[in-house]
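Please look over the structure below with the following briefing at hand. The points are grouped by topic for a reader new to this structure.

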Amino acid sequence: MISILSALLCLGQSLVSASDFLLGTLPKPTIWAEPGSVIPWGRPVTIWCQGTWGAQEFRLDKEGSSAPWGRQSPLEPGEKANFSIPHMTQHYAGRYHCYYNSSTAWSELSDPLELVVTGAYSKPTLSALPSPVVTSGGNVTLQCGSWEGLDTFILTKEGEHKSSQTLDAQRRPDGQTQALFPVGPVTPTHRWTFRCYGFNRDTPQVWSEPSEPLELLVPGVSGKPSLLTPQGPVLASGQNLTLQCRSDVGYDRFALSKEMGQDLPQRPGQQPQAGLSQANFPLGQVSGLHGGRYRCYGGHNLSSEWSAPSDPLDILVAGRFPDTPSLLVQPGPMVASGENVTLLCQTWSPMDTFLLSKEGAADPPLRFRAKYQDGQFQAEFSMSPVTSAHSGTYRCYSSLSSDPHLLSQPSDPLELLVSGGHDKPSLLAWPSPVVPLGKHVTLQCHSHPPFEVFKVFKRNGTRFRELQRHHVNTFTLGPVTTAHTGSYTCSGSYGHTSVWSAHSDPLQIVVTGVFTKPSISAHPGPLVPMGGNVTLRCHSLLLFDKFILHKNSSTWHSQDDGEKLPGGRTQAHFLMGPMTSGHAGTYRCYGSLHHSPYEWSAPSDSVDIMITGIYKKPSLSAELGPVVRSGENVTLLCSSKSAFDLYHLSREGAAQEHWLAGGQSHSRALQADFPLGPATPAHGGVYRCYGSFNHSPYRWSDPSDPLYLPVTGGQDKPSLSAWPSPVVPQGQHVTLRCHSHLEFDRFRLYKDDRSRVPELPDIIFQNSFLMGPVTSAHAGTYRCHGYHSHFPSAWSAPSEPLEILVTGFHRKPSLSALPGPLVPSGENITLQCGSETVFDSFILVLLGEGVTMDPLHLAGQLHDGGSQANFSMGPMTPARAGTYRCFCSLSDSHYAWSAPSDPLDMVITGLYKKPSLSAQGGPMVRSGQNVTLFCSSESAFDVFHLLKEGQNLGRWLAGGQSHSGALQAEFPLGAGTPAHGGVYRCYGSFNHSPYRWSDSSDPLYISVTGNSSSSQLLHTKPSSNTGTSKHLHALVGPSVAVVFLAILIFSLICHRCPDKKNASIMNSEPEVDRMVNREDPEAEPKEVTYTELDGWIFMQKNITPTSQRPDEPSADTSVYMDLAVC
């Protein structure tokens, strides 16, 4: 709904002003706000203005605003209008008036309306001093305080008699502001519920949030209730405390107060039975703050009056001081009825008060002032003369009068026994003194000679109808409740006398099932070797401070104090050992509390403790083998030559199963089959089996040897790789890595042939395993499985096989590239691996990080008394560039390979635009003149490569720019000699891909001239179709004689060298082919024939060129002729 008020604000002065009419001649209207004048921040509010019949227009003014705040036409039937505020904020807070007009006059202004917004500041606190419990007719001070720095506070009284007070704030030393409101006198005839707000006086209609409500409790005169605690008045820290207020008046509600406390919790009344009402006040875990004096009150819903207060209940919190007093008894803990007894409580600590409590007593503890004597503080508690009612368990505490509700640790318990005059009888319980809740127990009092009359009584003085005087010696209790728990004694008497015998020894009746059962477990497990130790752990989600361990079919039990764990749990450990066959059996445990030691929990589930090693071990096997695929049927066989009645199968981390012996195995041993069904990952694990006999089911044989049963194929298979390579030189190391996207944290590695590798028996590793120094035993096929450490029996499917090849067992082969190791992208190449030895298999491997090409295998072929394999590759792509080696092996040792060939670098060219190549000073160079070549490119190559007629002259880093701005590298070749003449090309590449080169530059022809001015070199450009460089060097003189002589020489040469191999024109293999071996120790020399003219004398020289392994190879071959005159 669009706010009518906001729309009216936009009208401004466009309407007729009030001065156009006569103001005040009509009766003043009534103004009010709905739902009220105090509105929480953001809530809607409507202001109503009601005048007389015939009103034509209503206006709303806000004090401090010059223009009318709103205008509105009257609603039907015409005497009132409303002004809506959809969301209350401080902008709307203030004092409002309204008025209206008729056709000729205006009304008077209405009375003011104070419109207040709350929630502008955080809520203050409201408390009663000294207490919210105020006697009828009394006064109390209410304190309202805030940390917001507010300077004014207002106190409001809610209910039928609403009122409010406003006070200026006072600033306290801690910075808080507050106001103290006197209230009173109060009466019980109506409720006194208050809230307070804070505000600043410059914005009096902008208030804070309201404080929490505070209700004053004014006790009346109706029947007082009673206040008690089921736990007793003395509680230890950490116990749960509940106070119960009850009355025989049917109150609808109850309130609880603590002296000097501000809280006044209320609870609705409950009626457990007709005529009674009660309410429970759970106060949580006891701390020092709970100590104090409490009272409760009852009330009716339709009345504001409360009852008279209950009698006070003092809650005492023990353990708040580290002191532990001692409790002594004089003359002793066993006294005859009628004697005088003194209990002495003393301590070395300076405490001024002592308290004595009796276990199970409803009365509050006795409290005496301490006396200082013999260096100790002490108090004496006298009982005289004692009766059987004084029998019981006592404890004492120390305290300080300055804080009387906080006590020390309790003394050790003192048992006081009061006996009669005859020989004491004995008291027994059947079937057991440990009785489940709701069951029956029979107490039997025996004596010799037999008494005529018997009496059984509970030592805390509680009387039961079943325990009255009997002429028989049996007393049946039940159905038992927690009230029946405790210590019992019996006495006997002869019918003609009133003298009773001494009390029997006490019998403790324990009731179980009071609390939920704890859990029991055996550590390290329920199967314990003879002579070993075991710990039985009893634990619970309840805060038990005592645990009891009990063995079935025996009277043996053990107790231990509970240990607190994080999360509100408790536990106890019972260490047993060295174990014998007598310890075997079934155990249960119970939980209890020290303040109610005879109220136990329900028994835990049983745990069977088996003693192993009594007989010889059986054997355990799997019908289909120890590795099972998911879904296969699994049967385990346990057999023994001993005639066991039962066989037991155990899996680590799981319960045992029992099978009867069922037939004989092929070795005539008695055996049992354990069919486990279709295998799942849950079946994986380590199994053992045992044998036993029916007459001693908890005494077992030694365990069989463990059988590890993995279940594979349950999850996606991982991948297995080798680093740096699956081809490993003998004596080196290799790392096997198992990878999976399933984030396994454990992997298992094995070899397919199951042969033994010294460091690999069932190896478990994170995801990488270093193997080496490798030998021929390491060669073979490997797989890995992955699994999670918290579920070690659920293996993944096996990885694909990985072959590990070990090299170095034979001499290395040779590796060469045909036609050469420089290959244009997209063309084919053949890598030839050969050896002088006859091998069956050859393998070609591309080396380096990130290699994706699998090794290539070929069968060997006989060649020139040895063997070789030709690996055809192509079309070549950048992925095939890199360093290659080859190996060879024999068929009878598939994974044992030769030493690797020398490396062969394969370079792919044509991947980037070609650079340009130029010579400083031009391509014509005089002998002795320095020669520098420049390779430049617009591409930002990291490295440039220079090749001359197949010779790789090296790599140069890019270094500066040419005059045209291109990136370039300089190749200084030194002083020019005839050897520098020839055809040059250059290439560019990047550091991140050193085997991927650009197209070659255009060829550059360098000519080196002699000193004679008549000498001249003639150049012939090579054919571009062949891609090979052919150049002819001919010496031409200015005279005809020299020309004739040259022709004659040429004829003689052709006559002497008719065969191609002696010609000075030769088709040479590029030197880059010799990159296959970085040392090139075994490369065969190539014969190059030169023809020299030396003063009309012809000579032929065979020169073996010096081996120079270029950094990067060339694919070019050059055909050339040199003709020189010296």
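Does R395 count as buried, partly exposed or exposed? At 22% relative accessibility, R395 counts as partly exposed, where buried means under 20% relative accessible area, exposed means over 50%, and partly exposed lies in between, with a 1.4 Å probe and protein chains only. This is a predicted model, in which local features need pLDDT of at least 70 and side-chain atom pairs count only at pLDDT 80 or more, while totals for chains, interfaces and linings use all residues. Residues are numbered from 1 along each chain as its sequence is written, and side-chain values use heavy atoms, with hydrogens and water left out.

**Salt bridges**

- The structure holds 17 salt bridges, a salt bridge being a side-chain nitrogen of Lys or Arg within 4 Å of a carboxyl oxygen of Asp or Glu.
- One of them joins D151 to R201, with the closest N and O atoms 3.4 Å apart. D151 lies in the loop between β12 (140–146) and β13 (152–158), and R201 in the loop between β17 (192–199) and β18 (214–216), so this pair ties together parts that are 50 residues apart in sequence; strands (E, at least two residues) and helices (H or I, at least four) are DSSP runs, numbered from the N terminus.
- R195 forms a salt bridge with E158, and here the closest N and O atoms are 2.6 Å apart. Because R195 belongs to strand β17 and E158 to strand β13, the pair links parts that are 37 residues apart in sequence.
- R195 is partly exposed, with a relative accessible area of 23%, and E158 is likewise partly exposed, at 29% relative accessibility.
- E359 and R395 form a salt bridge whose closest N and O atoms are 2.9 Å apart. E359 sits in the loop between β30 (353–358) and β31 (366–369), and R395 in strand β34 (residues 392–400), so the pair connects parts that are 36 residues apart in sequence.
- E359 is partly exposed, its relative accessible area being 23%.

**A sheet of three strands**

- Strands of a sheet pair through backbone hydrogen bonds, either parallel or antiparallel.
- An open sheet of 3 strands has the order β64-β66-β69, with antiparallel pairing, where two strands pair if DSSP finds at least two bridges between them.
- The edge strands, each pairing on one side only, are β64 (719–723) and β69 (768–771).
- β64 pairs with strand β66 (residues 734–739) in the antiparallel sense over 5 bridges, and the bridge partner of W723 in β66 is T735.
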